[in-house]
Amino acid sequence: MSREPTSGQAILQIDALTKTYAGGFEALKGIDLSIRRGEIFALLGPNGAGKTTLISVICGLVNPSAGRVSVAGHDILDDFRAARSRIGLVPQELTSEAFSTVWDTVSFSRGLFGKPADPAHIEKVLRSLSLWDKRKSRLITLSGGMKRRVLIAKALAHEPEVLFLDEPTAGVDVELRRDMWEVVRGLRDNGVTIILTTHYIEEAEEMADRIGVIRAGELVLVEEKHELMRQLGSKELTLHLRHPLDAVPAGLARFDLRLSDDGHALVYSYDAGSRETPDGDAATDRQVDDDGDSDDQSGIAELLAELEAAGIPFKDLHTRQSSLEEIFVSLVRERT
């Protein structure tokens, strides 16, 4: 599988990256990855998979054992200051200077990178994160969601090109989570490359352009989100019958059908992409969407014709496609 970006310029390049801790534990095993400028990349994996270690190495918090990482062409070891100045990091933990004001905290973060004072930029960042009205507030008085916005503002204070978000919406309610999604999209629209780790699969499904799955220190998959769901997803067609059945008719046994417990529905499972027909031929059949339209993909047209021939009428139908969460769980299980 190629892990090179399919389009656009790579702003982050990782080659053969490994990290082995004292005692022999391999936290990262030969990671190869290119991140495109201006994309949102979601890194998924179970606890202990290596997500935080990978981010820590890229951000210069942990030294790699082998391999190379460059940010905007600057090696993180040979040209650390230039590479690190192009990175913003929003950690998962809500650690902050409790009695500092929002303005002072964000302005100080800019100074840490040797950037000259720029009140106009700080104002722009605070306004973009809906923090302007809180600029004089002390951090100890803010809600958890506002504190998380302050962490993002701190990471943006020195105008980075790449922003790492480690579990950006952990511990916040659903409404605030969606607000944060809009913030992240706005950052991307302004040219910031976003790399996020998340336990909320819906977050990756909603926001990411590409998905990476890491497990036990290995990057097991990198793919465009929609292509991943097309290749690995599956669909179910549910036919709601006019009259209940006691069993799936023998004449339909060659289809992957199951009967609901009450006998009122037949469920047909098929690949979201191309597949073989029940006769074993390449798929050029019909796929029915929720609105009743169809396109050439599965084997549904043949199934519907067989149902009609068998005198089994149905009153309604709908399709359901696998979610990214189901695909992720399946990938992890396959490699357990």
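**Exercise 1. Find how many aromatic pairs a search of the whole structure gives, and describe their geometry.**

The model is a predicted one, in which local features need pLDDT of at least 70 and side-chain atom pairs count only at pLDDT 80 or more, while totals for chains, interfaces and linings use all residues. Residues are numbered from 1 along each chain as its sequence is written, and side-chain values use heavy atoms, with hydrogens and water left out.

Step 1. Apply the criterion: rings of Phe, Tyr and Trp (its six-membered ring) pair if their centres lie within 6.5 Å, and planes under 30 degrees apart count as stacked, over 60 as edge-to-face and the rest as tilted. The search returns two pairs.

Step 2. Trp103 and Trp132 are edge-to-face, with 6.1 Å centre to centre and 70° between the planes. Because Trp103 lies in helix H3 (residues 102–112) and Trp132 in the loop between helix H4 (119–128) and helix H5 (144–156), this pair ties together parts that are 29 residues apart in sequence; helices (H or I, at least four residues) and strands (E, at least two) are DSSP runs, numbered from the N terminus.

Step 3. Classify burial, where buried means under 20% relative accessible area, exposed over 50% and partly exposed in between (1.4 Å probe, protein chains only). Trp103, at 24%, is partly exposed, whereas Trp132, at 16%, is buried.

Step 4. Phe255 and Tyr268 are likewise edge-to-face, at 6.1 Å centre to centre and 80° between the planes. Phe255 sits in the loop between strand E11 (234–241) and strand E12 (257–259), and Tyr268 in strand E13 (residues 265–271), 13 residues apart. Phe255 is buried at 5%, and Tyr268 is buried at 1%.

**Exercise 2. Determine which residue lies over the face of Trp132.**

Step 1. A charge sits over a ring if NZ of Lys or CZ of Arg is within 6 Å of the ring centre and within 35 degrees of the ring normal.

Step 2. Arg135 lies over the face of Trp132, at 4.0 Å from the ring centre. Elsewhere, Lys19 lies over the face of Tyr21, at 4.9 Å.

**Exercise 3. Identify the residues that touch the most other members of the largest nonpolar core.**

Step 1. Such a core is a set of buried Ala, Val, Leu, Ile, Met, Phe, Trp, Tyr and Cys residues joined through side-chain atoms within 4.5 Å.

Step 2. Among its 39 residues, Leu126, Ile152, Leu163, Leu165, Leu187 and Ile194 touch the most other members.

Step 3. Leaving aside neighbours within four places in sequence, Leu126 is in contact (heavy atoms within 4.5 Å) with residues including Trp103, Trp132 and Arg135.
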